[in-house]
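Dear colleague,

I am passing on the structure below, and I would be glad if you could look through it alongside the notes that follow.

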Amino acid sequence: GYPIEMQIYLPPCYADYAERDRESYPVLYLLHGLEMNEKTWNEIGAGETADSLINNGGIPPLIIVMPRERRDARFGDALVNDILPYIDSHYPTLADRDHRALGGMSRGAGWALRVGLQNPGLFGALGLHSPGIFYADETEVSGWLNKLPPDLTPRFYIDIGKNDSLFVSADWLDRALTRRDIAHDYHLNPGSHTRAYWTEHLPDYLRWYTANW
């Protein structure tokens, strides 16, 4: 019922191809945190970091989609039913779960966890950066994890600063995955719940998301 604002990152090589010859790209969806917007990931350096890593051969070219979330409970449905089909129909994407990842910071990580576990056939990797798990999802996450088909279990990356007030969420999720023998990366780093923390770790995030691409 309203427009969804997005910022879309295109790799440096994107403009070098004629439309008919353009290669297809994997897609990373990045969600922002509370009191932030679709500009936040670029403001902390996502585009510049991706450019540098691609130009230096550190990661493969990719498209990054950064939509705005208006604290609307329908956002998960909008992401799956509106945003994904729009991106796949308007850009040359590799439109399968093995070439599609979802991640977020803070509240955005809560959305990434919810949407990713509810739609395991859509995303092959979930990145949860300083995650804030929604209160309503506390009991749901265990059920979603228990229902994950072995062949559709995503790669998981969790990280948080040692001084982050949301440490309990990340630690709980680490233990929940460990109890189920679900492989995942868990990083407890110096720092807190700040833009400086996420900026510092952007290269690590992008290398992890693109490791299998």
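A residue is called exposed when its relative accessible area is over 50%, buried when that value is under 20%, and partly exposed in between. Please keep in mind throughout that this is a predicted model.

By that cut-off Asp-181 counts as exposed, because its relative accessibility is 72%. Asp-181 is placed in the loop between helix H6 (167-179) and strand S7 (185-189), and its phi is positive, at about 55°, although the residue is not a glycine. As background, most residues other than glycine have a negative phi. Glu-35 also has a positive phi, near 60°, and is likewise a residue other than glycine. Glu-35 sits in the loop between strand S2 (27-31) and helix H1 (40-43), and with a relative accessibility of 69% it counts as exposed.

A further loop residue that I looked at is Asp-96, which lies between helix H3 (75-90) and strand S4 (100-105). Asp-96 has a relative accessible area of 31% and is therefore partly exposed. From Asp-96 to Ala-170 the separation is 74 residues in sequence and 28 Å in space, taken C-alpha to C-alpha.

Turning to the chain as a whole, the secondary structure comes to 7 helices and 7 strands, and from the N terminus on the elements follow the order β-β-α-α-β-α-β-α-β-α-β-α-β-α. The C-alpha trace spans about 50 × 35 × 35 Å along its principal axes. The radius of gyration is 16 Å, which agrees with the value near 17 Å that a compact globule of 213 residues would have. Buried residues make up 50% of the 213 residues, and of the contacts between residues at least 6 apart in sequence, 79% join residues at least 24 apart.

How do the axes of helix H2 (residues 46-55) and helix H7 (residues 195-209) cross, and within what distance do they come? They come within 10 Å and cross at roughly 60°, and H2 and H7 are therefore oblique to each other. The crossing in which H2 passes H7 is right-handed. On the H2 side the contact is made by Ala-46, Thr-49, Ala-50 and Leu-53, and on the H7 side by Leu-202, Pro-203, Leu-206 and Arg-207. Sorted by class, the residues in this contact of H2 with H7 are 6 nonpolar, 1 polar and 1 charged.

Terms used: Residues numbered from 1 in each chain as written. Predicted model: local features only at pLDDT ≥ 70, side-chain atom pairs only at ≥ 80, totals over all residues. Heavy atoms only, no water. Axes fitted to C-alpha atoms, helices over the stretch in contact; angles between N-to-C directions. Helix = DSSP H or I, 4+ residues; strand = E, 2+ residues; numbered from the N terminus. Parallel < 35°, antiparallel > 145°, perpendicular 65-115°, else oblique. Left-handed = near helix turned anticlockwise from the far one by under 90°. Contact = heavy atoms within 4.5 Å. Nonpolar A, V, L, I, M, F, W, Y, C, P; charged D, E, K, R; others polar. Rg over C-alpha atoms; globule rule 2.2 N^0.38 Å. Buried < 20%, exposed > 50% of the residue type's maximum accessible area, 1.4 Å probe, protein only.
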